[in-house]
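User: Could you take a close look at the salt bridges in this model and walk me through them? I'd also welcome a word on the surroundings.

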Amino acid sequence: MYLTVLRWPGDIPTAVEVLSGLAHNAVIHARPDTESEAEGEMTVRLAVAEDNVFLVDVEDPRPEFPDSKAAIEGEKGRGLMYVHLLFTQVTWFLSEDTHTKTVRARLLPDAST
């Protein structure tokens, strides 16, 4: 089975869980503190790399990511740890203008490898 338009040959339910986990985390943790801050927009990008790795990027308006390593490893909260346990590599990076951050999950077509 292929991930619709992108024709990714991996496990679709797992890919949906990964996207859901990253989006949920952004909604919960990246909200603006005050109404005077910019609207809390989230951007989702999906892509298939040449090596059939499925990339899920979730960009949010909060450039800081305190304790990112602990969050990804499950020492602080469970959201990103759950995504990581779905056989993904979870990383994050700042935008060039440093106003937003992106959390990225890389999912192999055969999630068990």
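Analyst: Happy to! Let's start with burial: a residue is called buried under 20% relative accessible area, exposed over 50%, and partly exposed in between, using a 1.4 Å probe and protein chains only. This is a predicted model, in which local features need pLDDT of at least 70 and side-chain atom pairs count only at pLDDT 80 or more, while totals for chains, interfaces and linings use all residues. Residues are numbered from 1 along each chain as its sequence is written, and side-chain values use heavy atoms, with hydrogens and water left out.

Now to the salt bridges, meaning a side-chain nitrogen of Lys or Arg within 4 Å of a carboxyl oxygen of Asp or Glu. The whole structure holds five of them. One of these joins D51 to R106, with an N to O distance of 4.0 Å. Because D51 sits in the loop between β1 and β2 (54-60) and R106 in strand β4 (residues 101-107), this pair ties together parts 55 residues apart in sequence. Strands here are DSSP runs of E with at least two residues, and helices are runs of H or I with at least four, numbered from the N terminus. R106 is partly exposed, at 30% relative accessibility.

Strand β4 also supplies K101, whose partner D60 is in strand β2, so this pair links parts 41 residues apart in sequence.

As for the surroundings, L6, V27, I28, M42, V44 and L46 make a nonpolar surface patch of about 450 Å². Such patches are made of residues with over 30% relative accessible area and no salt bridge; nonpolar side chains (Val, Leu, Ile, Met, Phe, Trp, Tyr) are joined within 5 Å, and like charges within 9 Å. The areas come from the Shrake-Rupley method with a 1.4 Å probe; for residues, only the protein chains shown count as cover. The elements giving two or more residues to the patch are α1 and β1 (43-48). L6 comes from the segment before α1 and is partly exposed, with a relative accessible area of 35%.

Helix α1 (residues 12-29) also holds N25, which is buried at 17% relative accessibility. Beyond its neighbours within four places in sequence, N25 is in contact (heavy atoms within 4.5 Å) with A30, G79 and L80.
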